[in-house]
Amino acid sequence: MRTTWLNLLLAAASVLFTGAASAGETRARQILDRFEHANQWRDHVMVAAHRAGSMQARKTLYAENSIAAVEASIALGAEIVEVDVRRSKDGQFVVMHDSWLDRTTNCNGEVIKRTLAELKTCRLVIEGTGAVTDEPVSTLREMLMATKDRILINIDNKLDVDSLAGMIAVARDLGMAEQVIVKENLWNPARITTVKAAMGAIGSGFQFMPIIADDAVRDAGFAEKVSGIFSPRAVEMINWRAGSETLTDTGGPLFSPRMRAAAIRGDWHIWANTYAIVNKPGGFLAGGRGDELAVLASLPRETYGFWAERGATIIQTDEPKAAIDWLAANGYRVPYSDETRPAEPANTASIN
């Protein structure tokens, strides 16, 4: 539990590091400052809303990858929304997780076999309730316009790595490339070479985040190599877990003291995921210490607190409200210029 005096010290330090936000400074610019300067913000845990943030208390309130979900995540104070991008039959980038339309819309069939005009007739569905919303499938451009200057957007590319150039081109056209985080999985030297070439062809002015998973990478040395090559501002670390295993005690090989030291030397964030994977056992991701443990079992300290104490300064979650509330109440969130610091809990020992 962080103490009140420490919180005050951190708030004062943040002013020394960055200065007071100017009246014309956008929320995205304030977030970007924290994203690009990890070492100055080690005591603040940023929250990324998975698939735009459609859920609260294990209840799906909004259609995933919807602008409505983005608006809700912005209202909660999340710093990043993650969305998935595919391509229509006529080559347009659209926001959709699955390759098929059946689960998340009132249409069916493959996304790639429908033109954008046809996709625009589909309406997003709230999973669980089956309620059909008024919101159509969004284009990447529409989604970027909804987030511009308000929140960072993390694009999960469901296409080949070369497609990232077109996605960044859309962001550049809107004047917001620096607010866009793109990411690719890295697991061996050959993959590093492929992705490095793709990033070099795109140029600069956007955020590239490597993804490293412990089913292929078991030590911090690989991340240190990646850091030297790409100079990322964040690295997404994935802790896999078979359904029958017990909760991780350490966070796995990618959340080691050496990894935390590497992140400090490279001035990048460790990004942890606590969301569940569809059709996988609960807690399959995050070593069992995921959103189900935080919300269903009412053990947020064993989830969000666990990963924060192991160096994570960005947590991607299906439960942005639960994560933000707990992190803020327990001293892991430093308010932005337009926020008020939440009061300290009266009895900190009673908070899970």
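The chain has an average pLDDT of 88, and 86% of its residues reach at least 70; pLDDT is the predictor's confidence in each residue, on a scale from 0 to 100. Over residues 1–21 the pLDDT is below 50, and this stretch has 30 contacts in the model beyond near neighbours in sequence, a contact being heavy atoms within 4.5 Å. Residues 341–352 also stay under 50, with 24 contacts beyond four places in sequence. As the model is predicted, local features need a pLDDT of at least 70 and side-chain atom pairs one of 80 or more, while totals for chains, interfaces and linings use all residues. Residues are numbered from 1 along each chain as its sequence is written, and side-chain values use heavy atoms, leaving out hydrogens and water.

On to the inside. A nonpolar core here is a set of buried Ala, Val, Leu, Ile, Met, Phe, Trp, Tyr and Cys residues joined through side-chain atoms within 4.5 Å; buried means under 20% relative accessible area, with a 1.4 Å probe and protein chains only. The largest nonpolar core has 68 residues, and Leu144, Val180, Met199, Ile212 and Met237 touch the most other members. Apart from that core lies another, of 13 residues, including Ile31 and Met209.

Now for the helices, which are DSSP runs of H or I, at least four residues, numbered from the N terminus (strands: E, at least two). Helix α2 (residues 27–36) is mostly covered, with eight of its ten residues buried, among them Arg27, Asp33 and Arg34. In α3 (residues 67–76), Ala69, Val70, Ala72, Ser73 and Ile74 are buried. These pack against β1, β4, α5 and α12. Just after α3, glycine 77 takes a positive phi of about 105°.

How values were computed. Buried < 20%, exposed > 50% of the residue type's maximum accessible area, 1.4 Å probe, protein only.
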